[in-house]
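This briefing covers salt bridges and strand pairing in one model. Keep the sequence and structure at hand while reading.

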Amino acid sequence: MTKASILIANYNSANYIDECINSLNSQTYDNLEIIFFDDNSSDNSLEKIKKYKKVKVIENKKRTLFGSLNQINAYINAFQK
């Protein structure tokens, strides 16, 4: 069975994390990996996502004046992992 990778780009979306992860975990295809890239969130996104043990979390360490770099940066970094 082929593994499917799901990439999630996040910036201050803590209110939607539980719904997103629960939806992915309820899929009928079992061979999934979830990669969550947090792009300098200032809310509690990282605290929420870290309670899900099967989710690979990547934290963007590059700080910018505006917080988030951009979504394409998030997807490129997540894809490389």
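E59 counts as partly exposed at 31% relative accessibility (partly exposed lies between buried, under 20% relative accessible area, and exposed, over 50%, with a 1.4 Å probe and protein chains only). E59 forms a salt bridge with K50, the closest N and O atoms being 3.1 Å apart (a salt bridge is a side-chain nitrogen of Lys or Arg within 4 Å of a carboxyl oxygen of Asp or Glu). The model is predicted: local features need pLDDT of at least 70 and side-chain atom pairs pLDDT 80 or more, while totals for chains, interfaces and linings use all residues. Residues are numbered from 1 along each chain as its sequence is written, and side-chain values use heavy atoms, leaving out hydrogens and water.

**Salt bridges**
- The whole structure holds 4 salt bridges.
- K50, the partner of E59, is partly exposed at 45% relative accessibility.
- E33 and K56 form a salt bridge with closest N and O atoms 2.7 Å apart.
- E33 lies in strand β2 and K56 in strand β3, so this pair ties together parts 23 residues apart in sequence.
- E33 is buried at 14% relative accessibility, whereas K56 is partly exposed at 45%.
- D18 is joined to K51 by a salt bridge, with 3.3 Å between the closest N and O atoms.
- D18, K48 and K51 are linked in a network of salt bridges.

- Strand β1 (residues 4-10) pairs with strand β2 (residues 32-38) in the parallel sense over 7 bridges (pairing needs at least two DSSP bridges; strands are DSSP runs of E, at least two residues, and helices of H or I, at least four, numbered from the N terminus).
- I8 stands opposite F36 in β2.
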